[in-house]
Amino acid sequence: MTSTAVAHKPVRRHRIALHLGCLAALLVMLYPLAWLLATSLKPADEVIASLDLLPGRLEWSNYKTAMDGVNDVSIWRLLSNSLLIAGGAVLGNVISCSLAAYAFARLRFRFRGPLFAFMIATIMLPHHAVLIPQYIIFNQLGLVNTYWPLILPKFLATEAFFVFLIVQFMRGLPRELEEAARIDGCGPFRSFFQVILPLTRPALITTAIFTFIWTWNDFFTQLIYLFDPDKFTLTLALRSFVDASSTSAFGPMFAMSVIALLPIVLFFLAFQRFLVEGMASSGLKG
Amino acid sequence: MTTTDVPARTARPSRPAVPKRRPRREREGAAWVFLSPWVLGATVLTLLPMAVSLYLSFTDYDLFNPPRWVGLRNYTQMFTEDPRYWRSVLTTLTYVVLAVPLQLALALLVAIALKSMKRGKAFYRSAFYAPSLLGASMSIALVWRAVFNDGGTVDNLFGTGGWVNKPGWALLAVALLTVWQFGAPMVIFLAGLQQIPAELYEAAAVDGAGTWRQFLSVTVPMLSPVLFFNLVLQTIQAFQVFTPAFAVSAGKGGPADSTLVYTLYLYDRGFVASHMGYASAMAWVLLLVIGAVTVVLFRTSRSWVFYASDTDGGAR
């Protein structure tokens, strides 16, 4: 593009307008988050009476109430339940998806083409189509109201999206690495663990973070499988506020909401590069 | 899964031998070891449940008594005797048509705005992306319910009353939560835009094409595969929306069933009313509809999605 002295000024004004537009959009976007934080610190009488976004005085006791938890279950219990499920899911997905991905990306076996196509198709599969029979199976096994139905499927690579993500990443690694490893006498197992896996780290981190966030946010599966308040996660505990529509519980409810969002926000701040890049690359090669 | 022992004598011409390859059988064995968790999951947790739910869709099943075969009754009841079912279909379609185009248009607009930006691009990209991670949470769904409720921000701002209590408006509030999460498709658009070679725009400019002409003749065709990917993905996801509808309506799909999306009704039939057979039939119809929509999208895509590799044998 030829930049002449004449074109210079409009371009600059253009750029400022662009920034202003983006900032305005950002303010609208961030409003719900600001509202959440502000309301979590508002005294009960201000929630409905005052239209100001900012609380007149900070009501930290909302957080104290939230810490007490719901249904006599402390927030630490809820938090550790959520962490256990999310942690188990992360471990399961990273292990099982990377194993399957290596086979699809690098090994030859019979029916590889059709199986790969089937694997891709299951990405599109609506969760609800398999949910009821899965529920019945776990019900027969007496595993409803335990964490097994929430964690076990992740160890069986049922989230094909991540298999696909890792396959795409592994395909980008130079084949010479394994050729060299093979000449050195490495079988497929050693070359997977010692050559490929360490190089796949970015994709594994992306898998881990997305799994954590999605599992942490998950509501439907937890809703149908867990009904013992002792086993509740933060998400399920928040749900019990849904029925109580009185605004008097607003402060503690949104204090707990903030606590529930905190891990995601921290993950986002720490790993935003992986998240954004992971999301970007998922679309390009698809 | 085991491979058959019969040696496959295919007519394929034998490939030139690659040095130091292990015997085929052995390498196959290794592949199946790597695949075994996936194979187990795909059969026991995907294929088997699909078959089971197909069977259950022809039965009356309440989880306690053995399933009773009723033939097509669940389906006929669904299609001819259950107005709430059609209500949920209509609600879901309205939601998809409302949320997906709005979300994608906003995503594309912001991606184009960010593309030409020199400073601050990474910041905006991350900031706009954040809601996509937070939006699926119960916390945000609760915020949405309060902000769009009577006396909430939207009520105060526009004086319309709370949307979540108005049959015509509640679904719009749910759709706006989806639009709010435009960051994920935006990031994908942005990555796609950055792969369009600058030469194309330069050539278009030399030919006298203005901004709008460049957008239509360069950006749209070059971006169409990414646009298509986003459209398919977001449509499939929109068909399965659950949490925001549940939170906004306290799990009831109200007011007047106006937020009773398909999955919420499925949950209600299966897990609240314990009609697992009926819910299975609903799940299968959803599966077939999503499959059909995907096929239609893929079919029509041939006329509007442009793959650069079709003409020049692949970009870098």
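Chain B averages a pLDDT of 86, and 89% of its residues score at least 70. Over residues 1-12 of chain B the pLDDT falls below 50. Beyond near neighbours in sequence, that stretch has four contacts in the model. Residues 312-316 of chain B are also below 50, with three such contacts. This is a predicted model, and its scores are ipTM 0.87 and pTM 0.86.

Chain A has an average pLDDT of 86, with 91% of the residues at 70 or above. Confidence in chain A is lowest in helix α2 (residues 44-49), at a mean of 70. It is highest in helix α7 (residues 148-151) of chain A, at 96. Residues 1-7 of chain A have a pLDDT below 50. This stretch of chain A makes three contacts beyond near neighbours in sequence.

**Chain B: overall make-up**

Chain B has 14 helices and two strands. Of its 316 residues, 40% are buried. Take the contacts in chain B between residues at least 6 apart in sequence: 68% of them join residues at least 24 apart.

The UniProt record, an unreviewed entry, marks "transmembrane region" at six spans of chain B: residues 30-58, 93-114, 126-148, 168-193, 214-233 and 276-298. The record also lists "domain: ABC transmembrane type-1" for residues 89-297 of chain B, again from an unreviewed entry.

| Span of chain B | Helix | Strand | Distance between end C-alpha atoms |
|---|---|---|---|
| Residues 30-58 | 93% helix | 0% strand | 41 Å |
| Residues 126-148 | 83% helix | 0% strand | 26 Å |
| Residues 89-297 | 75% helix | 0% strand | 19 Å |

**The interface**

In the contact between the chains, 77 residues of chain B meet 70 residues of chain A. Helix α1 (residues 24-56) of chain B gives the most to the chain B side, with 18 residues. That side of chain B divides into 52 nonpolar, 20 polar and five charged residues.

Helix α8 (residues 183-194) of chain B has twelve residues. At 1.5 Å a residue they should span 16 Å. The end C-alpha atoms of α8(B) are 16 Å apart, which agrees. Ten of the twelve residues of α8(B) are buried, so the helix is largely enclosed by the rest of the structure. The buried residues of α8(B) are B:G183, B:A184, B:P185, B:M186, B:V187, B:I188, B:F189, B:L190, B:A191 and B:G192.

Helix α11 (residues 201-217) of chain A has 17 residues. From first C-alpha to last, α11(A) reaches 24 Å, close to the 24 Å expected at 1.5 Å a residue. In α11(A), 13 of the 17 residues are buried, so this helix too is largely enclosed by the rest of the structure.

**The nonpolar core**

The largest nonpolar core has 154 residues. Touching the most other members are A:A100, A:A101, A:V163, A:I166 and B:V187. One of these, B:V187, is among the buried residues of α8(B).

Leaving out residues up to four places away in sequence, A:I166 touches A:C97, A:S98, A:A101, A:T200, A:A203 and A:T207.

**Loop residues**

The loop between α4 (75-106) and α5 (112-124) of chain A holds A:R108. A:R108 has 11 other C-beta atoms within 10 Å and is therefore exposed, since the cut-off for exposed is 12 or fewer. The C-alpha atoms of A:R108 and A:N139 are separated by 38 Å, with the two residues 31 apart along the chain.

A:F111 is found in the loop between α4 and α5 of chain A. A:F111 has 11 C-beta neighbours inside 10 Å and counts as exposed. Its phi is near 65 degrees, a positive value in a residue other than glycine.

B:D257 sits in the loop between α11 (243-248) and α12 (262-272) of chain B.

Methods:
Residues are numbered from 1 along each chain as its sequence is written. Chains are lettered from A and ligands numbered from 1 in the order in which they are written. This is a predicted model: local features need pLDDT of at least 70, side-chain atom pairs count only at pLDDT 80 or more; totals for chains, interfaces and linings use all residues. Two residues are in contact if their C-beta atoms, placed from the backbone, lie within 7 Å. Helices (H or I, at least four residues) and strands (E, at least two) are DSSP runs, numbered from the N terminus. Ala, Val, Leu, Ile, Met, Phe, Trp, Tyr, Cys and Pro count as nonpolar, Asp, Glu, Lys and Arg as charged, and the others, Gly among them, as polar. The expected span of a helix is 1.5 Å times one less than its number of residues. A residue is buried if 20 or more other C-beta atoms lie within 10 Å of its own, exposed if 12 or fewer, and partly exposed in between; C-beta atoms are placed from the backbone. pLDDT is the predictor's confidence in each residue, from 0 to 100. UniProt positions are given in the numbering used here, feature names are shortened, and annotations may be inferred rather than shown by experiment. A nonpolar core is a set of buried Ala, Val, Leu, Ile, Met, Phe, Trp, Tyr and Cys residues joined through C-beta atoms within 7 Å.
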